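This briefing goes with the sequence and model shown below.

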Amino acid sequence: MKQKILGLLLTVLLFCGLFNVSDTLAATETTEVKVSLGNEAGELVFEPNHLELVAGKKYKIKLDNPSPTKHYFTSKDFADASWTQKVEAAKVEVKGAIHELELKPTAEAEWVLVPMKPGTYELHCSIAGHAEAGMVGDIVILSE
């Protein structure tokens, strides 16, 4: 009987702990990072093309596309190593797994996330020829 009560108590504590973790992540200070996909001159670049984020810290990645063509912010492994709170663009909020964001010319989007797994992750534009022309970068998640 004591084992059942102890097991139930541990389950309740774990359940409450999970809610506290998500509440803590939602309540932490958010660091804003700006990334441009391309530029007004039409160059195929990410500006900046190297991001360093700290695991467990909350970020709002503000993406914009000032170029005359659409671009993709593609980093599946980074997305899989992060907890996404939301992506917001054009009065639409998307929640759930995100692997790639398409930004049409002059578009803007905000990706609110918490990186969880340290490592170095590839960033590229998945439109044919864009990565080969230099639209690549990396995202580093540092340990806390």
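Not counting residues up to four places away in sequence, phenylalanine 73 touches Val35, Leu37, Phe46, Leu63, His99, Glu100, Leu101, Trp111, Leu123, His124 and Ile139, where contact means heavy atoms within 4.5 Å. The model is predicted: local features need pLDDT of at least 70, side-chain atom pairs count only at pLDDT 80 or more, and totals for chains, interfaces and linings use all residues. Residues are numbered from 1 along each chain as its sequence is written, and side-chain values use heavy atoms, with hydrogens and water left out.

**Aromatic pairs and core**

- A search of the whole structure finds four aromatic pairs; rings of Phe, Tyr and Trp (its six-membered ring) pair if their centres lie within 6.5 Å, with planes under 30 degrees apart counted as stacked, over 60 as edge-to-face and the rest as tilted.
- One of them joins phenylalanine 73 and tryptophan 111 edge-to-face, at 6.0 Å centre to centre and 85 degrees between the planes.
- Phenylalanine 73 lies in strand E5 and tryptophan 111 in strand E9, so this pair ties together parts that are 38 residues apart in sequence.
- Phenylalanine 78 and tryptophan 111 also form an edge-to-face pair, with 5.9 Å centre to centre and 75 degrees between the planes.
- Because phenylalanine 78 lies in helix H2 and tryptophan 111 in strand E9, that pair ties together parts that are 33 residues apart in sequence.
- Ring pairs link Phe46, Phe73, Phe78, Trp111 and Tyr121 into a cluster.
- The largest nonpolar core has 27 residues, and Val35, Phe73, Phe78 and Trp111 have the most contacts inside it; such a core is a set of buried Ala, Val, Leu, Ile, Met, Phe, Trp, Tyr and Cys residues joined through side-chain atoms within 4.5 Å.

**Overall fold**

- The chain has two helices and eleven strands, which are DSSP runs numbered from the N terminus (helices H or I, at least four residues; strands E, at least two).
- From the N terminus on, the order is α-β-β-β-β-β-α-β-β-β-β-β-β.
- Of the 144 residues in the chain, 33% are buried.
- Among contacts between residues at least 6 apart in sequence, 76% join residues at least 24 apart.

**Serine 75**

- Serine 75 lies in the loop between strand E5 (71-74) and helix H2 (76-80).
- Serine 75 is buried, with a relative accessible area of 2%.
- The serine 75 side chain reaches the backbone oxygen of glutamate 122 at 2.7 Å, a polar contact (a pair of N or O atoms within 3.5 Å; within protein, one must be able to donate a hydrogen and the other to accept it, and residues adjacent in sequence count only if both atoms are side-chain atoms).

- Asparagine 65 sits in the loop between strand E4 (58-64) and E5, and counts as buried at 0% relative accessibility.
- The asparagine 65 side chain reaches the backbone oxygen of leucine 103 at 2.9 Å.
- A polar atom of the asparagine 65 side chain also lies 3.3 Å from the backbone oxygen of lysine 104.
- Proline 105 is found in the loop between strand E8 (100-103) and strand E9 (108-115), and is partly exposed at a relative accessible area of 34%.
- Leaving aside neighbours within four places in sequence, proline 105 is in contact with Asn65, Ser67, Pro68, Thr69 and Lys70.

Methods: Buried means under 20% relative accessible area, exposed over 50%, partly exposed in between (1.4 Å probe, protein chains only).
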